[in-house]
Amino acid sequence: MKVKKTNAARILDNMKIHYEIKEYEVDLEDLSAVHVAASTGMDVRMVFKTLVCRGDKTGILMACIPGDGELDFKALAKLSGNKSVEMVALKEVLGLTGYVRGGCSPLGAKKNYPVYLDESCNQHPIIAISAGIRGQQLLLTPDDLQRAVKATVGKVVR
């Protein structure tokens, strides 16, 4: 069966960035990165979740952090030039990004929001991000993700 490519995958194709698509069984009761890691057989620290946030000065931004990590709002605020950052309400995510919870990718959102990638990504040769739909992950190098989304890399987890 042919895998359906998402907008995120097509963006990587257009940029000639190598990636792999890894599919997994979706559990609507558990959309966590921990579940994705277990379902794909990957280390949870290599599965990066995308969180949609709002800075008090810069507006909407995305943070990509390891699946077992907890976002450090103060660190993200400092790195992004804000005094404070908070998560956007779940009901806003689809309208802002075009993505649903459990399928939010830093690639191919409705707008090119700034992306802040936790520096722990550089500890792994390959990391996984959502392909933009539930049930699919894109596996690529941290450098390629940084280039694709023009990410700012820094410590944004506790």
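**Figure 1. The second largest pocket of the predicted model**. This pocket has a volume of about 200 Å³. It is lined by 14 residues. Closest to its centre are P106, N112, A148, V149 and K150. Sort the lining by class and you get ten nonpolar, two polar and two charged residues.

**Figure 2. The largest pocket**. About 460 Å³ of space lies here. The lining is made of 23 residues. K49, T50, L51, R101 and G102 are the closest to the pocket's centre. Three elements, α2, β2 and α4, each give two or more residues to the lining. Which of the elements gives the most? That is β2, with five residues. By class, the lining has 14 nonpolar, seven polar and two charged residues.

**Figure 3. T50, a residue of strand β2**. T50 is one of the residues closest to the centre of the largest pocket. Is T50 buried or exposed? Its relative accessibility is 10%, so T50 counts as buried. The side chain of T50 reaches the backbone oxygen of C104 at 3.4 Å. Now set aside the neighbours within four places in sequence. T50 is then in contact with M62, A63, C64, C104, S105 and P106. P106 is also among the residues closest to the centre of the second largest pocket.

**Figure 4. Helix α2 and its packing**. Helix α2 covers residues 33-40. Its buried residues are A33, H35, V36, A37 and T40. What do these residues pack against? Their partners are the strands β1 (20-23), β2 (48-55) and β7 (136-140). Look just past the helix to find G41. There the chain takes a positive phi of about 75°.

**Figure 5. The salt bridge between R54 and E92**. The structure holds five salt bridges, and this is one of them. The closest N and O atoms of R54 and E92 are 2.7 Å apart. The pair links distant parts of the chain. R54 sits in strand β2, while E92 belongs to helix α4 (residues 90-97). The two residues are 38 residues apart. R54 is partly exposed, with a relative accessible area of 28%. E92 is partly exposed too, at 27% relative accessibility.

**Figure 6. The salt bridge between R158 and E70**. Here the closest N and O atoms are 3.1 Å apart. Where in the chain do R158 and E70 lie? R158 is in the segment after β8 (152-154). E70 is in the loop between β3 (59-66) and α3 (73-80). R158 is exposed, at a relative accessible area of 60%.

**Figure 7. The salt bridge between R147 and D144**. The two side chains meet at 3.4 Å, N to O. Both residues lie in helix α5 (residues 142-149). They are three residues apart, so about one helical turn separates them. R147 is partly exposed, with a relative accessible area of 44%. D144 has a relative accessibility of 17% and counts as buried, because the cut-off for buried is under 20%.

Notes: Residues are numbered from 1 along each chain as its sequence is written. This is a predicted model: local features need pLDDT of at least 70, side-chain atom pairs count only at pLDDT 80 or more; totals for chains, interfaces and linings use all residues. Side-chain values use heavy atoms; hydrogens and water are left out. Buried means under 20% relative accessible area, exposed over 50%, partly exposed in between (1.4 Å probe, protein chains only). Helices (H or I, at least four residues) and strands (E, at least two) are DSSP runs, numbered from the N terminus. Contact means heavy atoms within 4.5 Å. A salt bridge is a side-chain nitrogen of Lys or Arg within 4 Å of a carboxyl oxygen of Asp or Glu. On a 1 Å grid over the protein atoms alone, a cavity is a set of points where a 1.4 Å probe fits but cannot get out, and a pocket is an open set with protein on both sides within 12 Å along at least five of seven lines; lining residues have an atom within 4 Å of a point. Grid points are joined across faces, edges and corners, and a volume is the space filled by probe spheres set on the points. Ala, Val, Leu, Ile, Met, Phe, Trp, Tyr, Cys and Pro count as nonpolar, Asp, Glu, Lys and Arg as charged, and the others, Gly among them, as polar. A polar contact is a pair of N or O atoms within 3.5 Å; within protein, one must be able to donate a hydrogen and the other to accept it, and residues adjacent in sequence count only if both atoms are side-chain atoms.
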